[in-house]
Amino acid sequence: MSGTIHVLNGSGVDTGALGATVRRLHEVFHAAVELHPFQPDLTRVFDPSRSQYHSSGVLKQMLDDLSAHGNPADKLIGLVDVDLFIPVLTFVYGEAQLKGRCAVVSTFRLRNELYGLPPNERIFRDRIEKECVHEVGHTYGLVHCRDTECVMRSSTYVEEIDLKGSLMCPACDEKRRGLMSD
Ligand SMILES: [Zn+2]
Ligand SMILES: [Zn+2]
């Protein structure tokens with residue numbers, strides 16, 4: 001049983017704008033996908049010395065709150081709009097527990113405006129979709145892929161997110177099928 005993917009929207013992005021993400025998660029993972037509101041206590045994960053938010057702390061809050069989504073086969077992907085980091089990196093677009101239950105994605109660095117470019121809603125939504133599929137892929141045990149078009153390719157720059165697709169390459173999809181049937 002593949003369980004349900006719960007998209008926990010703790011960002012300012014309205015539910016309607018997440019439709020493509022929900023459909024893509026369903027298409028890629030062949031799982032039911034549900035959208036829920038999400039209110040993490042971000043003040044608890046704020047690091048004043050960096051003016052950023054520790055993404056692992058958000059994951060921990062999601063895990064602590066798992067009683068609401070208790071099926072062990074379910075996955076939780078949180079969406080927030082604050083700037084996330086892990087201590088060894090300047091920033092992260094998201095973080096996932098490899099072969100775990102939870103992942104988080106931030107919209108903060110996915111908006112064109114952050115880079116001095118005109119807003120583009122379609123690009124913004126595409127980036128959310130790709131990063132959510134990518135992080136959920138990690139929760140099923142998939143690791144990074146070198147295929148330039150594969151959604152499991154890692155992205156350091158936002159341009160790299162734009163270059164890749166929102167689907168898995170045949171090799172990753174094959175791995176996904178194996179991991180999901182374990
Ligand atoms: Zn990754
Ligand atoms: Zn791949």
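The crossing of α1 over α3 is right-handed; a crossing counts as right-handed if the near helix is turned clockwise from the far one by less than a right angle, and left-handed if anticlockwise. Helices here are DSSP runs of H or I with at least four residues, strands are runs of E with at least two, and both are numbered from the N terminus. This is a predicted model, in which local features need pLDDT of at least 70, side-chain atom pairs count only at pLDDT 80 or more, and totals for chains, interfaces and linings use all residues. Residues are numbered from 1 along each chain as its sequence is written, while chains are lettered from A and ligands numbered from 1 in the order in which they are written.

Back to the helix pair. Helix α1 covers residues 19–29 and helix α3 residues 121–139; their axes come within 9 Å and cross at roughly 35 degrees. Axes are lines fitted to C-alpha atoms, for helices over the stretch in contact, and angles run from 0 to 180 degrees between N-to-C directions. On the α1 side the contact is made by A20, T21, R24, L25, V28 and F29, and on the α3 side by R125, I128, E129, C132, V133 and V136. Contact means C-beta atoms, placed from the backbone, within 7 Å. By class there are eight nonpolar, one polar and three charged residues. Nonpolar covers Ala, Val, Leu, Ile, Met, Phe, Trp, Tyr, Cys and Pro; charged covers Asp, Glu, Lys and Arg; the others, Gly among them, are polar.

Now the sheet. Five strands form an open sheet, ordered β2-β1-β5-β8-β7, with mixed pairing. Two strands pair if DSSP finds at least two bridges between them. At the edges are β2 and β7 (94–96), each pairing on one side only. From one strand to the next the twist averages 15 degrees.

Strand β1, residues 4–10, has six of its seven residues buried. A residue is buried if 20 or more other C-beta atoms lie within 10 Å of its own, exposed if 12 or fewer, and partly exposed in between, with C-beta atoms placed from the backbone. β1 runs parallel to β2 (residues 32–37), joined by six bridges, and L8 has H36 as its bridge partner in β2. Six bridges also join β1 to β5 (residues 75–80), again parallel; there the partner of H6 is L76, and N9 stands opposite L79.

What do β1, α1 and β2 make together? They make a right-handed β-α-β unit: viewed with the strands pointing away, the path from the first strand over the helix to the second runs clockwise. As for α3, this helix lies across β1, β5, β7 and β8, at about 160 degrees to β8.

Next, some loop residues. F38 sits between β2 and β3 (46–47). Is F38 buried or exposed? F38 is buried, because 21 other C-beta atoms lie within 10 Å. Leaving aside neighbours within four places in sequence, F38 contacts L8, N9, G10 and G78.

H30, in the loop between α1 and β2, has a positive phi near 50 degrees. Most residues other than glycine have a negative phi. H30 is exposed, because it has 11 other C-beta atoms within 10 Å. S51, in the loop between β3 and β4 (52–54), also has a positive phi near 50 degrees. S51 counts as exposed because it has 10 C-beta neighbours inside 10 Å.

Methods:
Contact = placed C-beta atoms within 7 Å.
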